Amino acid sequence: TLWRRLDADNRRAGQIVADLESNVRSTRMMPVATLFETYPRMVRDLARDLGKQVRLVVEGGDTELDRSVLELVKDPLTHLLRNAIDHGIELPSARQAAGKPAEGIIRLSAAQRGNSILVEITDDGAGIDVGRVRASAVRCGVLHPDEAANMSDHDALWLVFRSGMSTSAHVTDLSGRGVGLDVVRDHIERLRGLIDVESRPDQGTNSMLHLPLTVATTLCLLAQIGEQ
């Protein structure tokens, strides 16, 4: 009798706490469009400065993400977009010579995948030269020549996220002087997220960010009555 009443009260309290936690999480969620909508103008301005034609296509803007995650992922996304414009998308003349439209396309998308959000930045540019990445890693002392030769293309691509790595033949204000993509990786890992990259020569590059839905900490008030 008394035990059953206590057990019922405990279950009700547990449900109330669960509902409160759910409400706290929902109040922290914001559509990623609040961040994504700041990028089209940035892309247009940077492309114009570089003499390129680039169009940003945004998808999945209604996907919701914890506002603190949105704030922390802003800089990594900005750098990846700048990198795609600077190194990925070719000049109009080079694109036309390769049989491509003069205008390059960058897609920025977000979608929920279980308890995480997948954010992708995909361009139809020149892609990443894996051979140049291997050569740069050897030149910078990141890898021994034998290691570079035996490394898979996917693992070699991941080297672009190592500190000091750069495959650009020239340094620009956008290229980051070889210290940018490792910072991107550090930011994402601090969020308990993952980053990956795929690339095909002359077809483009796809950067994938797997982000947690929330990193919120719920503040609670603990009350004690006697021994309870």
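Trainee: How many salt bridges does the structure hold?
Mentor: This is a predicted model, in which local features need pLDDT of at least 70 and side-chain atom pairs count only at pLDDT 80 or more, whereas totals for chains, interfaces and linings use all residues. Residues are numbered from 1 along each chain as its sequence is written, and side-chain values use heavy atoms, with hydrogens and water left out. A salt bridge is a side-chain nitrogen of Lys or Arg within 4 Å of a carboxyl oxygen of Asp or Glu. The number of salt bridges in the structure is twelve.

Trainee: How far apart are the closest N and O atoms of Arg 12 and Asp 9?
Mentor: Both residues lie in helix α1 (residues 2-28), and because they are three residues apart they are separated by about one helical turn; helices (H or I, at least four residues) and strands (E, at least two) are DSSP runs, numbered from the N terminus. Asp 9 has 39% relative accessibility and counts as partly exposed, a class between buried (under 20% relative accessible area) and exposed (over 50%), with a 1.4 Å probe and protein chains only. Arg 12 and Asp 9 form a salt bridge in which the closest N and O atoms are apart by 2.1 Å.

Trainee: How many residues apart are Glu 103 and Arg 55?
Mentor: The side chains of Glu 103 and Arg 55 meet in a salt bridge, at 3.2 Å from N to O. Glu 103 is partly exposed at 32% relative accessible area, and Arg 55 is partly exposed at 42%. Glu 103 sits in the loop between α5 (92-97) and β4, and Arg 55 in strand β2, so the pair links distant parts of the chain, with a separation in residues of 48.

Trainee: At roughly what angle do the axes of α3 and α4 cross?
Mentor: Axes are lines fitted to C-alpha atoms, for helices over the stretch in contact, and angles run from 0 to 180 degrees between N-to-C directions. The contact (heavy atoms within 4.5 Å) includes Met 42, Val 43 and Leu 46 of α3, and Leu 77, Leu 81 and Ile 85 of α4. The axes of α3 (residues 39-49) and α4 (residues 67-88) come within 10 Å, and they cross at roughly 35 degrees.

Trainee: Which strands stand at the edges of the open sheet, and why is one side of each left without a neighbour?
Mentor: The sheet has five strands in the order β2-β4-β5-β7-β6, with mixed pairing, and two strands pair if DSSP finds at least two bridges between them. Each edge strand has a single partner strand, so one side of each is left without a neighbour in the sheet; the edge strands are β2 (54-59) and β6 (194-200).

Trainee: In β5, which residue is the bridge partner of Leu 108?
Mentor: Strand β4 (residues 104-113) and strand β5 (residues 116-123) run antiparallel and are joined by eight bridges. In β5, the bridge partner of Leu 108 is Ile 121.
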